[in-house]
Amino acid sequence: MNALDWISGIQKAVDYMEAHITEELKFDEIAKQAYSSSFHFQRVFRILCGYTLGDYIRMRRLSLAGSELAASNTRILDIAVKYGYDTQESFSRAFTRFHGVSPSQARNGASLKSFSRLSVKLSLDGGTIIDYRMETKDGFSMICKKTGLSSEKELSFTHISDFWRQCNEDGTIEALSQYIPEDSMFNHSIVGASFGNDAGDSNYPYAIGTPCHNVSVIEDAFSVEEIPSHTYAVFQCRGKMPDAFHRLYHQIYSEFFPGSDYRPCGGTDFEVYPSADVNNPAYTCEIWVAVEKK
């Protein structure tokens with residue numbers, strides 16, 4: 001989010017969704033409103049709001065559809081099509097799950113649920129201490145295994161944890177560990193990388209890897225990515241994963257950035273994991289967020 005304050009960017013994305021709520025909404029186009037990649041925007045949106053971007057769109061459409069059913073004589077099928085459903089049956093199933101009543105019952109005066117549109121605001125909910133440090137790093141090479149995710153599809157938040165699990169089980173982590181240099185900026189740890197605007201291919205936004213030097217021969221499953229120079233805000237995360245990770249990320253975006261001189265620049269962010277003991281309540285790792293001055 002390097003062209004606008006990130007809060008304004010999120011609000012612009014929300015306004016875009018609301019203006020086009022009855023049209024086909026593509027995740028990459030929504031993220032562009034916030035000057036962000038689809039992967040990064042969806043991830044931050046979920047952490048801040050507690051539900052996915054796709055859930056927000058679905059709940060807003062079903063809420064609006066309920067209001068329209070109750071206030072008009074428009075055919076149920078026409079309302080279903082208007083809010084993105086191919087058939088009246090699929091609309092009725094989704095409508096009933098959300099409202100607890102069928103479209104026909106809604107038309108006959110049954111109670112409905114309302115899901116209001118988001119409005120991004122600064123609040124006084126902070127007052128907590130967040131430990132951080134600033135690091136400025138030159139560009140470097142990173143050997144890694146990437147995972148694919150279409151920028152036009154909804155991000156599943158089990159995807160990343162499943163990817164780590166797979167890489168632990170198939171020997172990927174052990175193989176990557178052989179490339180860790182003595183002078184690694186991440187203290188001999190394997191890291192998760194969210195490429196953001198640095199991604200050479202936006203369909204591969206996340207990777208597991210390590211900085212490397214002069215790698216001439218690599219395994220077929222790996223690639224070497226060039227990470228440009230960035231300044232990072234580095235935060236220490238303590239506690240069992242992924243709960244501690246999500247709590248800290250929420251603090252970073254809801255408290256640290258609104259009150260600091262920095263904002264995310266959309267570059268490559270890192271999660272630095274010193275070991276696989278992620279279920280330990282005393283586990284410690286780091287989050288590196290690429291930033292720029294406001």
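Predicted model: local features only at pLDDT ≥ 70, side-chain atom pairs only at ≥ 80, totals over all residues.
**Helix H6 and the cysteine pair**

On helix H6, the face turned away from the buried side carries the exposed residues Glu89, Arg93 and Arg97.

**Helix H6**

- Helix H6 covers residues 88-99, twelve residues in total, and reaches 16 Å from its first C-alpha to its last, which is close to the 16 Å expected at 1.5 Å a residue.
- The buried residues of H6 are Ser90, Phe91, Ala94, Phe95, Phe98 and His99; seen down the helix axis, these buried residues fall within an arc of 140°, so they line one face of H6.
- Just after H6 comes Gly100, which takes a positive phi of about 85°.

**Cysteines**

- A search of the whole structure for disulfides finds zero, and a disulfide would require a pair of cysteine sulfur atoms within 2.5 Å.
- For Cys237, the closest cysteine sulfur is that of Cys285, and because the two sulfurs are 4.2 Å from each other, they are too far for a bond.
- Seen from Cys285, the closest cysteine sulfur is in turn that of Cys237, again at 4.2 Å and therefore too far for a bond.
- Cys237 counts as buried, with a relative accessibility of 1%, and Cys285 likewise counts as buried, with a relative accessibility of 3%.

Technical notes:
Residues numbered from 1 in each chain as written. Heavy atoms only, no water. Buried < 20%, exposed > 50% of the residue type's maximum accessible area, 1.4 Å probe, protein only. Helix = DSSP H or I, 4+ residues; strand = E, 2+ residues; numbered from the N terminus. Expected span 1.5 Å × (residues − 1). Arc of directions from axis to C-beta.
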